[in-house]
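Please walk me through this structure.

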Amino acid sequence: MSLKRWLYLLHRWLGIALCLVMALWFLSGMVMLYVGYPKLTAEEQAAGLPPLALEQCCVPLAEAVAAAGGPQAAPAPWRLSRVAGEPRYLFGDGRRAALAVDARSGQRIRAVSEAQALAAASHFAGGAAAEYQGLVQEDAWTHSRALDAHRPLHRVAVADEARRWLYVSSVTGEVVRDATLTERRWGWLGAWLHWLYIFRGGALDAAWAQIVIWLSVAGGVLALSGLVVGLWRWRFSGRYKSGSRSPYRESWMRWHHLLGLVGGSLALTWVLSGLFSMNPWKVFEAPGPAPDRRAYAGGALQAQAGPEASPVLAALAARGEAAPRWLEWRRVDGQQFLLAQSPTGGRALAADGTTRPPWSEAALAQAAQRLLPEAPLASREWLHEYDRYYYGREAHTMTGQRERPLPVLRLRFDDAQAHWVTLDPATGAILQLSNRHQRVERWLFAFLHSFDLPILLAARPAWDAWMLGFSATGLALCLSGVVLGWRRLRGPRRPAGRAQPGRRL
C-alpha cells in the first residue's frame with residue numbers, strides 16, 4: 001500500500017473519530033470569545049465588599065498571626081477584609097493553605113457554618129436574598145486548583161440582578177468565586193465543553209490533562225493529514241474532466257475539500273496552540289532554580305514590622321479619605337507596607353496612611369537583582385503602553401484577572417534562561433516574570449489561539465470578525481467531516497427494488 005493511501009486512510013478514520021470533538025471545540029471557542037469560565041476578579045471582589053470600618057477594629061497584627069499559629073502557619077499574603085460585615089484577618093498562600101482570625105476577638109476561625117455562609121453571601125451581594133444550596137467539594141464552576149485551600153465550598157444562590165451563585169470558603173468564610181446566570185448557561189456550551197470538563201471531578205479526573213493532550217495531538221495529526229491530502233488532490237495546473245480543480249463532484253466531499261484548503265492551516269495551528277496551553281510534557285518549563293521572590297521582598301512578612309491597620313484607618317478617616325475595601329501587607333526590598341484596595345485599584349500606604357512614594361528605578365533594579373543574584377542585568381526600559389509581551393485582556397478571558405497597570409519597568413537579565421521581570425513602581429509588585437521558554441509559549445499558545453497582539457485587540461470589531469470567521473470556517477469544515485464520517489459508517493445505500501445478479505451494491 002502506498003504512502004498516499006496510508007495517509008488517506010489515516011485522515012479518514014481519524015476524522016470519523018474526532019470530527020465531532022473538533023467541531024465542538026470550534027463552537028465552544030466562539031462562545032468563549034464573549035463568556036468565560038467564572039472567576040472572581042479583584043474588581044468584583046472590591047465591589048462586593050463594604051469599606052473597612054474603624055469601629056472596634058482591630059487586634060494587633062502580631063496577635064492575629066499568633067492566633068493563626070505563628071508565621072509558619074500563616075503564610076503570605078496577609079489581608080484584613082470584612083466577612084458578613086465583620087473585620088477578619090485572612091492568611092493563605094493562594095493554593096494550599098488558608099485560615100482566618102476574627103479581627104475583633106483575635107480568635108481563629110475554625111469552621112464556617114451554613115448560617116454564616118448565608119450571611120457572608122447576602123452581605124457580599126448587597127443584602128440580596130440568599131438561598132443555601134449545600135456544601136460542594138467541586139462542581140462545574142469550581143474546578144480551579146486555586147480554590148483547593150477553601151474546599152469544601154458553601155454554594156449560595158443570591159437574588160441579585162446577575163442571579164449569581166456565590167461560593168463561600170468553609171475555612172475563612174469569604175466569598176471566593178461567583179458565577180452569574182449568563183456564565184452558567186453559556187458555560188456549558190463554552191468553557192465547560194471547550195476544556196472537556198466532562199472528565200473532571202469523576203473517575204477520570206486524574207487522567208483529564210492527558211486526555212486533553214492526546215486528543216489535541218490526534219487533532220493535530222488529523223488537521224495536518226487533511227491539509228496534505230487536500231493539497232495533493234487539488235490541481236494547481238490543469239483541471240479534472242469535470243472542469244474543476246477539485247476531483248470531488250459530490251457536494252459534501254467538494255465542500256469538505258474546499259473548506260480544508262481555506263481553513264486547514266488555521267485549524268492546524270489552532271488545535272496545536274490548544275495543545276501548547278496544557279504545557280504538554282512540561283516543554284515550557286525551564287531547567288534550573290526559579291527566581292527567588294522572597295529575596296526580592298527582602299525576607300518573609302514580619303508581624304512586628306507592621307504597619308498596624310487601626311492607625312492607618314484612623315489616619316484615612318481623619319483626612320476624610322474613603323476607607324479601602326481591604327488592606328494587604330506587602331514587603332519589597334525589606335520594606336513592609338500596606339496595599340489599600342479600592343474599586344478603582346490599589347495604592348501603597350505608609351504607616352501614617354499617606355500614599356507611599358513610588359519606588360525609583362534604581363531601587364527596583366536593586367531589589368530585582370536579588371531574584372537572580374548570579375545574573376547580570378542586561379537592560380532596563382520603561383513601558384508607557386502595552387507591547388506584544390505585556391498587555392491586558394478583558395476580565396472574562398483566561399488571563400483577564402491579571403494586573404496590567406502602566407507605566408511599568410521591565411528589566412532583562414543575561415542569565416541562561418534570559419529572564420525578564422516587569423515591576424510596578426507604584427506598589428513594587430512583580431507583575432510579570434518570564435523566561436525564554438515562556439515567551440515561546442506566548443507565541444505558540446496565546447497568539448496562535450487568540451491573535452492577542454495589542455494592535456489586533458484594539459482593532460475591534462475587525463478582530464471579532466476575524467475570530468468568528470475563522471472559527472466558523474473551522475466549524476463548517478469539521479461538520480462536513482461529521483457528515484462524511486456518518487455516511488462512511490452507515491455504508492452505501494441499497495437502491496430500491498431487488499438487486500440484479502452480478503451488480504455490486
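Begin with the open sheet of 4 strands, whose order is 5-6-7-8 and whose pairing is antiparallel. Two of these strands stand at the edges: strand 5, residues 130-136, and strand 8, residues 175-179. Each has a single partner strand, so one side of each is left without a neighbour in the sheet. On average, neighbours are turned by 25° against each other, direction ignored. This is a predicted model, so keep in mind that every value here is computed from it.

What holds strands together in a sheet? Strands pair through backbone hydrogen bonds, and the pairing is either parallel or antiparallel. Now look at one pair in detail.

Next, go to strand 9, residues 326-332. Is this strand mostly covered or mostly open? It is mostly covered, with 7 of its 7 residues buried. Here buried means under 20% relative accessible area. Check both faces of strand 9. On one side sit Trp-326, Glu-328, Arg-330 and Val-332, and on the other sit Leu-327, Trp-329 and Arg-331. All of these are buried, so both faces count as covered by the under 20% cut-off.

Which strands pair with strand 9? One of them is strand 1, residues 78-83, which runs antiparallel to strand 9 and is joined to it by 3 bridges. In this pair, Trp-78 stands opposite Trp-329 of strand 9. Strand 10, residues 335-342, also pairs with strand 9 in the antiparallel sense, over 7 bridges. Here Arg-330 has Phe-337 of strand 10 as its bridge partner. Strand 9 and strand 10 form a hairpin with 2 residues between the strands. In that hairpin, Asp-333 takes a positive phi near 55°.

Finally, turn to the helices. Helix 8, residues 251-276, packs against helix 12, residues 436-450. Their axes are 8 Å apart, and the angle is about 130°. The two helices are therefore oblique to each other. Their crossing is left-handed. Which residues make the contact? Helix 8 brings Thr-269, Trp-270, Ser-273, Gly-274 and Phe-276. Helix 12 brings Glu-441, Leu-444, Phe-445, Leu-448 and His-449. The residues of this contact divide into 5 nonpolar, 4 polar and 1 charged.

Methods: Residues are numbered from 1 along each chain as its sequence is written. This is a predicted model: local features need pLDDT of at least 70, side-chain atom pairs count only at pLDDT 80 or more; totals for chains, interfaces and linings use all residues. Side-chain values use heavy atoms; hydrogens and water are left out. Two strands pair if DSSP finds at least two bridges between them. Axes are lines fitted to C-alpha atoms, for helices over the stretch in contact, and angles run from 0 to 180 degrees between N-to-C directions. Buried means under 20% relative accessible area, exposed over 50%, partly exposed in between (1.4 Å probe, protein chains only). Angles under 35 degrees count as roughly parallel, over 145 as roughly antiparallel, 65 to 115 as roughly perpendicular and the rest as oblique. A crossing is left-handed if the near helix is turned anticlockwise from the far one by less than a right angle, and right-handed if clockwise. Contact means heavy atoms within 4.5 Å. Ala, Val, Leu, Ile, Met, Phe, Trp, Tyr, Cys and Pro count as nonpolar, Asp, Glu, Lys and Arg as charged, and the others, Gly among them, as polar.
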